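These are my notebook entries on a set of look-ups in one structure. I record each item in the order in which I examined it.

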4 protein chains.
Amino acid sequence: MRVGVLTGGGDCPGLNAVIRAIVRKGVQEYGYAFTGFRDGWRGPLEDDTVRLDIPAVRGILPRGGTILGSSRTNPLTARDGVRRVEDTLARHGVDALITIGGEDTLGAAARLCGEYGIPCVGVPKTIDNDLSATDYTFGFDTAVGIATEAIDRLHTTAESHMRVLVVEVMGRHAGWIALHSGLAGGANVILIPEQRFDVDQVCSWVTSRFRASYAPIVVVAEGAVPKDGDMVLKDRTLDSFGHVRLSGVGEWLAAEIEKRTGKEARTTVLGHVQRGGTPSAFDRWLATRFGLHAIDAVRDGDFGAMVALRGTDIVRVPMSEATARLKTVDPALYAEVGVFFG
Amino acid sequence: MRVGVLTGGGDCPGLNAVIRAIVRKGVQEYGYAFTGFRDGWRGPLEDDTVRLDIPAVRGILPRGGTILGSSRTNPLTARDGVRRVEDTLARHGVDALITIGGEDTLGAAARLCGEYGIPCVGVPKTIDNDLSATDYTFGFDTAVGIATEAIDRLHTTAESHMRVLVVEVMGRHAGWIALHSGLAGGANVILIPEQRFDVDQVCSWVTSRFRASYAPIVVVAEGAVPKDGDMVLKDRTLDSFGHVRLSGVGEWLAAEIEKRTGKEARTTVLGHVQRGGTPSAFDRWLATRFGLHAIDAVRDGDFGAMVALRGTDIVRVPMSEATARLKTVDPALYAEVGVFFG
Amino acid sequence: MRVGVLTGGGDCPGLNAVIRAIVRKGVQEYGYAFTGFRDGWRGPLEDDTVRLDIPAVRGILPRGGTILGSSRTNPLTARDGVRRVEDTLARHGVDALITIGGEDTLGAAARLCGEYGIPCVGVPKTIDNDLSATDYTFGFDTAVGIATEAIDRLHTTAESHMRVLVVEVMGRHAGWIALHSGLAGGANVILIPEQRFDVDQVCSWVTSRFRASYAPIVVVAEGAVPKDGDMVLKDRTLDSFGHVRLSGVGEWLAAEIEKRTGKEARTTVLGHVQRGGTPSAFDRWLATRFGLHAIDAVRDGDFGAMVALRGTDIVRVPMSEATARLKTVDPALYAEVGVFFG
Amino acid sequence: MRVGVLTGGGDCPGLNAVIRAIVRKGVQEYGYAFTGFRDGWRGPLEDDTVRLDIPAVRGILPRGGTILGSSRTNPLTARDGVRRVEDTLARHGVDALITIGGEDTLGAAARLCGEYGIPCVGVPKTIDNDLSATDYTFGFDTAVGIATEAIDRLHTTAESHMRVLVVEVMGRHAGWIALHSGLAGGANVILIPEQRFDVDQVCSWVTSRFRASYAPIVVVAEGAVPKDGDMVLKDRTLDSFGHVRLSGVGEWLAAEIEKRTGKEARTTVLGHVQRGGTPSAFDRWLATRFGLHAIDAVRDGDFGAMVALRGTDIVRVPMSEATARLKTVDPALYAEVGVFFG
């Protein structure tokens with residue numbers, strides 16, 4: 001039995017922990033051999049492989065990134081993509097393929113498995129925590145921890161100088177990182193993509209905070225959008241993957257606050273710092289268990305399945321369902337934390 | 001409406017986050033007043049109170065410990081305890097009492113509520129994560145993070161000098177901290193109280209690890225016990241709370257490994273470092289939500305209830321059930337991570 | 001004997017450690033009383049004071065910011081400034097004034113002392129480490145540590161995605177933070193204000209790094225400037241203190257690199273995160289010793305003196321000399337680390 | 001020109017940074033080739049080498065430990081040691097040897113160079129910071145940072161439970177780590193090997209601290225010794241290197257404090273955690289500069305020299321002088337920080 005492994009999409013602390021767990025259990029308990037594919041779906045498309053055995057996974061548990069590399073290549077939009085993937089798998093005698101990735105990577109795996117019979121098992125990965133079939137995805141806890149530590153640090157500066165500090169965190173379509181880090185960091189305002197914000201309301205919270213002799217910290221998800229008419233985005237460009245790049249909400253908001261309240265406001269954009277470096281203990285635990293259960297799904301021939309966290313259990317769900325819709329922040333939960341605004 | 005709050009048992013990162021959330025929501029949304037009781041049940045017993053309002057909870061979110069102090073005083077074993085608690089509550093006009101604590105503190109609250117009609121709501125707290133009614137308790141994630149970081153650091157020393165390093169972590173009756181930090185830290189052996197260990201088996205794992213040219217790290221819970229005949233504990237004393245203090249398993253084990261394998265072995269005992277300092281973002285999130293839901297339970301008059309985490313939801317469970325039995329590590333889960341031993 | 005204390009300029013981890021050391025030694029060893037002035041020179045100008053005794057400095061050692069607040073108010077440019085300062089000091093019976101601050105704050109102290117006989121002792125503070133009379137200033141080590149940790153995290157993302165990552169760090173006039181954190185973080189290019197950079201040279205280093213199959217990280221000080229003709233700054237605004245605000249070199253450079261090399265480039269702007277939060281152990285040590293020696297200078301009547309670090313000794317230098325010129329990065333030192341570029 | 005490199009003695013964060021700097025500059029600027037010797041002097045004695053070139057040093061800057069391994073083997077006490085070292089160097093065509101190590105390793109290098117003409121250059125390494133010729137050694141700042149963070153964490157526990165917490169840190173013969181981390185961590189008592197301590201004095205400080213309603217933290221160097229008659233050491237064993245192992249002072253002291261003051265006392269022994277893991281930014285900077293200057297000393301043929309830090313400069317000193325006597329804590333400096341005791 002030979003198992004292929006690939007990692008697709010943006011990188012995420014914990015990818016290496018998944019790979020290590022798959023290989024350790026696959027080799028030691030089931031006697032499987034492995035083939036690593038390089039840079040997500042580009043690997044099987046272009047027959048680009050990497051040795052994947054016990055020595056290859058030594059020492060990678062605490063390391064961020066992915067030893068397999070990653071890309072956003074989509075086999076379904078590539079010319080002759082499906083056939084080329086099938087040929088590569090056949091050439092290497094790969095009997096099953098574990099795909100670790102987000103909506104796009106797993107969406108492709110679900111179709112390759114369902115429509116073309118390629119035996120895939122999925123492991124969910126999204127640093128934004130916006131996949132609906134699982135309680136959490138690995139990488140999210142690490143990102144929240146980094147953002148929270150940054151917010152902690154900003155408190156002292158905010159208060160020593162009585163300035164407004166705006167922190168822009170990741171989250172294009174879902175506000176999980178903003179919500180968790182904003183709450184954990186004691187932010188006074190948290191703005192998420194799920195709910196358009198009113199700049200005047202933000203300014204009123206900012207002002208009331210100053211009246212209590214504390215300086216406000218505003219956490220804003222990169223995908224948060226003000227109510228119609230409030231904002232003309234400075235930069236609305238396409239990134240290299242063809243997605244709209246909504247940069248600038250943090251700087252824009254700081255400028256608006258300064259203008260409307262007369263208080264100095266500064267911005268910190270954490271950017272890629274949030275997704276790099278060593279995974280938190282929580283993420284290593286989750287990623288490792290995902291890996292152990294993914295190789296079990298392969299052993300069981302449970303193709304089309306994706307591993308997922310439910311409470312403290314790892315379960316299997318159909319990949320197709322998991323990628324059907326985004327998990328966004330429930331308005332009730334957002335309202336719950338609203339008690340800390342202002 | 002006036003609400004009392006107390007924290008009992010060993011300290012735990014996140015206690016202040018619970019207190020802050022209770023007070024912020026209680027004052028701002030429900031208009032409640034608060035009375036803080038000092039040092040757990042000692043406060044109501046001896047009428048020792050502390051002011052608890054919005055200014056009192058400013059800035060405490062990231063701070064470890066508890067602004068209310070803590071103790072292991074039990075009102076049910078104190079002379080005239082129940083009456084004295086009732087008198088104190090009456091004297092201050094306290095209409096409901098939120099008790100934040102572990103098995104002992106909540107056990108007392110459950111009986112005071114069930115048998116004497118004192119209106120209590122519980123918030124679970126145990127750094128060992130061994131309460132059965134909740135997926136996780138706050139403080140646990142912080143402790144696992146600290147232990148994991150220590151294990152990460154030990155890897156380089158272990159390998160530069162080809163020594164065995166034994167790390168003793170918290171966990172008297174349950175091995176959760178050892179299991180999570182050992183897995184996250186890439187330990188080669190993890191020993192937990194739930195399953196007696198065989199020193200020869202440990203030595204065999206240690207030896208096989210050296211053969212692969214890596215130095216082994218052994219994580220052992222303070223409450224782990226070898227099979228009969230293997231160990232004579234150096235220190236088996238009573239601590240100030242009348243519990244048996246099983247110190248020394250780490251040092252004992254290192255000495256045994258050195259004797260039986262001929263390899264140098266050293267011990268690190270993390271001790272109280274694991275339960276101090278700022279809570280992790282995960283623990284601040286969980287503790288804050290526990291606090292928000294506890295004050296809601298008070299508003300609903302849901303006395304006898306304890307808040308608990310189930311998946312990503314906060315639910316209410318009867319305090320009496322929650323404290324009925326210890327949540328220990330499932331043998332199946334321990335077996336699952338056994339693939340990394342040796 | 002009554003001693004006044006004030007902190008001026010931008011905040012800096014370690015300010016509280018200085019204040020605590022001054023008060024602890026002043027009270028315990030010399031029996032002095034203290035008056036805290038709020039918000040730098042604004043305090044004596046407007047007679048805004050704060051109680052400063054042993055209880056006031058409890059627990060502040062690990063905290064960022066300053067319990068005295070800070071501002072950039074200059075007594076020499078304020079109307080009747082000198083007289084108002086003298087009046088306030090006389091009104092409170094202040095016999096000596098310890099001023100903790102940077103070039104501006106100490107420059108004012110030097111003149112008030114030299115020209116008007118106000119008995120001042122100085123403690124140097126600049127997070128940029130650009131004061132010439134001392135080997136290091138506190139806060140710098142903390143800032144370098146934070147920037148280095150961020151760079152460490154970026155490596156995994158850079159390599160997983162083969163992107164150029166540009167990190168903009170503090171340093172308007174001196175490149176110390178860029179130099180130290182860039183070297184410690186293993187950056188491939190470090191750009192400092194002291195030496196105009198050539199974008200084509202940067203692009204050539206970036207390209208050569210990719211050829212070695214590694215993704216480049218470029219650390220740029222906020223005050224770094226390209227050679228004439230290379231750059232049109234996007235934002236060249238005045239900040240609230242009337243200084244030119246050279247924001248945008250990081251984003252500008254990333255765009256240029258993308259344009260000229262065809263490689264994706266992203267920017268992280270660390271901003272105020274670098275100057276907030278708990279001071280490093282090094283900075284607590286240095287700040288504490290500065291405080292202990294400043295109060296000794298007061299006891300010795302050594303007014304006009306500033307404490308400074310020379311090797312491992314704390315010495316005294318004339319404040320006027322200390323603030324005479326900026327300590328910039330020596331070209332020889334910059335050349336020394338150039339071996340790691342590309 | 002071929003240069004050999006070896007690392008001897010206990011491991012220390014920053015060793016890899018030195019090796020990387022030597023190789024990067026040696027190859028890129030001077031065109032040298034390198035031979036790595038494994039496990040300190042054992043390498044040349046037993047002709048055990050490892051490839052050392054640019055690819056070998058990629059990515060090692062942030063990693064603790066040493067890629068060359070280490071040992072305490074002494075070529076001067078090994079049978080035929082000098083001849084075997086000479087033979088190995090000749091066999092590989094090694095023209096110069098950079099030895100990175102402490103008193104023992106450099107002492108051997110000094111004699112091999114001075115008495116036998118083997119061309120050695122030294123780089124000082126001692127985590128205890130007790131080498132007299134240099135202001136600081138790398139690794140020390142990292143150890144102090146780890147110990148300080150642990151002490152920070154203990155404060156909350158100490159205060160929530162009103163317990164005495166004893167922290168045993170490294171330092172057999174010199175109290176630098178205890179002094180710096182104790183001061184930075186706000187300890188109430190710091191005990192160092194240089195000055196015998198009086199347990200009754202310690203207990204009196206502990207008691208006075210409790211009277212101020214704060215719980216005391218006592219930092220004790222592993223080599224600290226009470227006044228005659230005060231202590232019977234529990235464990236006074238020989239370690240594998242033939243040195244007396246003074247373990248147990250922390251636990252012994254906690255027991256004494258408990259006995260004499262009636263207050264609960266607990267111990268944390270940080271152990272090897274202090275010397276593992278990623279080096280601090282300060283240590284990476286220092287270690288890198290040591291490496292750059294060591295290879296310059298080789299180029300200059302300045303054999304017998306050791307690089308050292310003086311202020312912010314790297315200078316060269318004779319190895320023989322550097323290893324002549326231990327740098328211990330100056331009584332005046334210890335007295336200076338005594339203001340914080342009690």
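**Entry 1. Salt bridges in chain D.** I began with D:Asp300, which forms a salt bridge with D:Arg316; the closest N and O atoms are 2.7 Å apart. I then located the two partners: D:Asp300 sits in the loop between α10 (281-299) and β12 (305-310) of chain D, and D:Arg316 sits in strand β13 (residues 313-318) of chain D, so the pair ties together parts that are 16 residues apart in sequence. I note that the model is predicted.

I next took up D:Lys259, whose salt bridge is with D:Glu256, the closest N and O atoms being 2.9 Å apart. Where do D:Lys259 and D:Glu256 lie? I found both in helix α9 (residues 249-261) of chain D, three residues apart, which is about one turn of the helix. Is D:Lys259 buried or exposed? Its relative accessibility is 62%, so D:Lys259 counts as exposed, the threshold being over 50%. D:Glu256 has a relative accessibility of 9%, so D:Glu256 counts as buried, the threshold being under 20%.

**Entry 2. A salt-bridge network in chain A.** I looked up A:Arg42 and found a salt bridge with A:Asp48, with 2.8 Å between the closest N and O atoms. Which residues are linked with them in a network of salt bridges? The network consists of A:Arg38, A:Asp39, A:Arg42, A:Glu46 and A:Asp48. A:Arg42 has a relative accessible area of 18%, so I list A:Arg42 as buried. A:Asp48 has a relative accessible area of 22%, so I list A:Asp48 as partly exposed. I also recorded the total over all chains, which is 88 salt bridges. As background, side chains of opposite charge can pair when their charged atoms come close.

**Entry 3. An annotated position, A:Gly10.** I consulted the UniProt record, an unreviewed entry, and found that its annotation "binding site" covers A:Gly10. In the model, A:Gly10 lies in the loop between β1 (2-7) and α1 (15-30) of chain A. Why does A:Gly10 count as buried? Its relative accessibility is 5%, and the cut-off for buried is under 20%, so A:Gly10 qualifies. What does A:Gly10 touch, not counting residues up to four places away in sequence? I listed A:Arg72, A:Lys125, A:Arg275 and, from chain C, C:His161.

**Entry 4. Strand β5 of chain C.** I examined strand β5 (residues 120-124) of chain C and found five of its five residues buried. Both faces of β5(C) are covered. On one side I placed C:Cys120, C:Gly122 and C:Pro124, and on the other C:Val121 and C:Val123. In a regular strand the side chains alternate between the two faces of the sheet.

How many bridges join strand β4 (residues 96-101) of chain C to β5(C)? I recorded five, and the two strands run parallel. The chain passes from β4(C) through helix α4 (residues 103-116) of chain C to β5(C), a β-α-β crossover that is right-handed. For one bridge I noted the partners: C:Ile100 is paired with C:Val123 in β5(C).

**Entry 5. Interface of chains A and B.** I found 40 residues of chain A and 40 residues of chain B in the contact. The area buried between chain A and chain B is about 3,600 Å², and carbon and sulfur atoms give 62% of this. Which three residues supply more of the area that chain A buries against chain B than any other three? They are A:Trp285, A:Val339 and A:Phe340, with 21%. I also recorded four salt bridges between chain A and chain B. Between A:Asp152 and B:Arg284 the side chains meet in a salt bridge of 2.8 Å, N to O.

**Entry 6. Interface of chains D and C.** Here 40 residues of chain D are in contact with 40 residues of chain C. The buried area is about 3,500 Å², with 62% from carbon and sulfur atoms. D:Trp285, D:Val339 and D:Phe340 supply 21% of the area that chain D buries against chain C, more than any other three residues. I recorded four salt bridges between chain D and chain C. C:Asp152 forms a salt bridge with D:Arg284, the closest N and O atoms being 2.7 Å apart.

**Entry 7. Chain pairs without contact.** Chain B and chain C do not touch, and their nearest C-alpha atoms are 11 Å apart. I found no contact between chain A and chain D, whose closest C-alpha atoms lie 11 Å apart.

Conventions
Residues are numbered from 1 along each chain as its sequence is written. Chains are lettered from A and ligands numbered from 1 in the order in which they are written. This is a predicted model: local features need pLDDT of at least 70, side-chain atom pairs count only at pLDDT 80 or more; totals for chains, interfaces and linings use all residues. Side-chain values use heavy atoms; hydrogens and water are left out. UniProt positions are given in the numbering used here, feature names are shortened, and annotations may be inferred rather than shown by experiment. Helices (H or I, at least four residues) and strands (E, at least two) are DSSP runs, numbered from the N terminus. Buried means under 20% relative accessible area, exposed over 50%, partly exposed in between (1.4 Å probe, protein chains only). Contact means heavy atoms within 4.5 Å. Two strands pair if DSSP finds at least two bridges between them. A crossover is right-handed if, with the strands pointing away from the viewer, the path from the first strand over the helix to the second runs clockwise. Buried area is the accessible area (1.4 Å probe) that two parts lose on being put together, summed over both.
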